Amino acid sequence: MNVHFKLTVALLDGIVADLRRPHPFAAERAGFIGCKVSRCRDGFLVLSNTYLSLSDDWYADDQRFGCVFNSHAMRAAMQFALTNDASMFHVHLHDHKGLPWFSRPDICESARYVPDFWNVKPKLPHGTLVLSANAAAGLCWYPEIKKPIRISRITAVGFPMRFLGGSF
Amino acid sequence: MKTIHIRQSFLGEHSDELFAGVRIGVVGLGGGGSHIAQQSAYLGIGRFAFFDPDFLDFPNLNRTVGATLADANAKTPKVAVAERVVKSVNPDAEVWAIQTEWQKDFDLLRACDAVFGCLDGFSQRAQLEESCRRALIPLIDIGMDVHKDYPFSISGQIVVSIPGEPCFRCIGFIRDKDLDEEGRRYGVAGGNPQVVWSNGVLASTAIGILVQMLAPWCRIRTGSRFIGYDGDGFTLEHDARLTVVSQAQCQHFSSISDLGDPFWKP
């Protein structure tokens, strides 16, 4: 099953600008993207619309990790999913050029909290995205499939288009 | 880069790979869409979704690129003519030639990276734009008309709808009064005059816009475009209506509920 993640160029630029802001104690920032989904010929589309920036006080001070968010962040993201019937994607930034990938702690932690979104929206896919300065990669948890699927294509739609990752 | 694309290498070292991986949709394979299909194939686009329920007939032969007298005799589907043209340039191209209304295969339309609208009428255009916006797909619309008041006058337009930027309604291309008027005239329109050269101008410009969107060769001023064609004076000119709204946020397709499949099931 192919997963094509899409967002507008303006939304992408806004997300990157937010994630690049320094935090008082966390080494990196994170956020959530509220999305809708749609079937297509090859699989399905994840269509981004809203970025939820995390407040400074929604981070936990844990120096073992670059970024740990607390229950306020998760509650806000779950509420957004519930209110808007939205698919939720966690997002963070590895600020280098080239194709990024998740660290081992990223994968372990996302496998714990991403499926929690099924408590509020069990029929929707949810996931996590890692951005770099010019590319992106992602994992998607699809209902009733326990292992995450690698997102096959990520596109920032605008003029010009930015093909951030996947089969091009 | 393949030898056949070496003369367009200024579009980027890997532009041929990029074009080969892109899927474009063409809705309407008549006078405008047939040019789009042919030029996309020469450009190196590798994946196509063609939608048109119609077949080739003698009155289409004056402007459908790639169509032959034999096609008119055999009543070949227009999408089959377009597929043949594409495959004659690039036998490896993946072509979905759908001989039905585009609304009957949304799943294929949504799988496109960009869509060309070559449709008649405002209602069809409004529907296609809404469907493209729902799947975050850029839409490049072309259209022309021969005004029948004597002396005759040819005009047309290329209008680009980029998700996140002003839409057809924002820029005044589609207005409620035009939709109402079209609804009242439904069924009495008949066959409008159409000619090959003005369709070619509009389609070529639309292809240029696609290339600029995928592999820009120059500094881009704006994504949204509303270009008017004066077919009597042979000029293309940016429509002033867009400059007024170009910086504004689209209010018609901005909500999260404007995206995706309302009837999603896993």
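In the predicted model, Phe89(A) is located in strand 4 of chain A, which spans residues 87-93. Its relative accessibility is 0%, and Phe89(A) therefore counts as buried, the limit being under 20%. Ala17(A) stands 72 residues from Phe89(A) along the chain, and the C-alpha atoms of the two are separated by 17 Å.

Asp85(A) is not a glycine, yet its phi is positive, at about 50 degrees. Most residues other than glycine have a negative phi, and most peptide bonds are trans. With a relative accessible area of 38%, Asp85(A) falls between the limits of 20% and 50% and is therefore partly exposed. Chain A also holds a cis peptide bond, between Phe159(A) and Pro160(A), with omega at about 5 degrees. Pro160(A) is part of the loop that links strand 8 (153-157) to strand 9 (162-166) of chain A.

In chain B, a positive phi of about 50 degrees is found at Leu136(B), which is not a glycine. Leu136(B) belongs to the loop between helix 6 and strand 5 (139-147) of chain B. The relative accessibility of Leu136(B) is 5%, so this residue counts as buried.

Trp102(B) sits in the loop that runs from strand 3 (94-98) to helix 5 (106-110) of chain B. Its relative accessible area is 3%, and Trp102(B) is therefore buried. When neighbours within four places in sequence are left aside, the residues in contact with Trp102(B) are Val27(B), Phe51(B), Leu109(B), Leu119(B), Gln124(B), Gln127(B), Leu128(B) and Ser131(B). Trp102(B) and Glu13(B), 89 residues apart in sequence, have a C-alpha to C-alpha distance of 35 Å.

The largest nonpolar core comprises 77 residues, and Phe50(B), Phe116(B) and Leu210(B) have the most contacts inside it. Helix 8 of chain B supplies the largest share of this core, with 9 residues. Another core lies apart from it and has 30 residues, including Val3(A), Leu124(A), Ile154(A) and Ala156(A). Residues up to four places away in sequence excluded, Phe116(B) touches Ile24(B), Gly25(B), Val26(B), Val27(B), Ile36(B), Leu139(B), Ile140(B), Ala206(B), Ile207(B) and Leu210(B).

Several helix pairs of chain B pack against each other. Helix 2 (residues 31-43) and helix 8 (residues 196-214) of chain B have axes that come within 8 Å and cross at roughly 45 degrees. On the side of helix 2 of chain B, the contact is formed by Gly31(B), Gly32(B), His35(B), Ile36(B), Gln39(B), Ser40(B) and Leu43(B). On the side of helix 8 of chain B, it is formed by Val196(B), Asn199(B), Gly200(B), Ala203(B), Ser204(B), Ala206(B), Ile207(B), Leu210(B) and Val211(B). By class, 8 residues of this contact are nonpolar, 8 are polar and none is charged.

Helix 2 of chain B also packs against helix 4 (residues 78-89) of chain B, at an angle of about 20 degrees and with the axes 9 Å apart. An angle under 35 degrees makes helix 2 of chain B roughly parallel to helix 4 of chain B. The crossing of helix 2 of chain B and helix 4 of chain B is right-handed. Ala37(B), Gln38(B), Ala41(B) and Tyr42(B) of helix 2 of chain B meet Ala82(B), Val85(B), Val86(B) and Val89(B) of helix 4 of chain B. This contact is made up of 7 nonpolar residues and 1 polar residue, with no charged ones.

A further pair is formed by helix 6 (residues 122-134) and helix 7 (residues 176-184) of chain B, whose axes come within 9 Å and cross at roughly 125 degrees. Helix 6 of chain B is therefore oblique to helix 7 of chain B. Here Phe122(B), Ser123(B) and Ala126(B) of helix 6 of chain B are in contact with Asp178(B), Leu179(B) and Glu182(B) of helix 7 of chain B. The contact of helix 6 with helix 7 of chain B has 3 nonpolar, 1 polar and 2 charged residues.

Technical notes:
Residues numbered from 1 in each chain as written. Chains lettered and ligands numbered in written order. Predicted model: local features only at pLDDT ≥ 70, side-chain atom pairs only at ≥ 80, totals over all residues. Heavy atoms only, no water. Axes fitted to C-alpha atoms, helices over the stretch in contact; angles between N-to-C directions. Helix = DSSP H or I, 4+ residues; strand = E, 2+ residues; numbered from the N terminus. Contact = heavy atoms within 4.5 Å. Nonpolar A, V, L, I, M, F, W, Y, C, P; charged D, E, K, R; others polar. Core = buried A, V, L, I, M, F, W, Y, C linked by side-chain atoms within 4.5 Å. Buried < 20%, exposed > 50% of the residue type's maximum accessible area, 1.4 Å probe, protein only. Parallel < 35°, antiparallel > 145°, perpendicular 65-115°, else oblique. Left-handed = near helix turned anticlockwise from the far one by under 90°.
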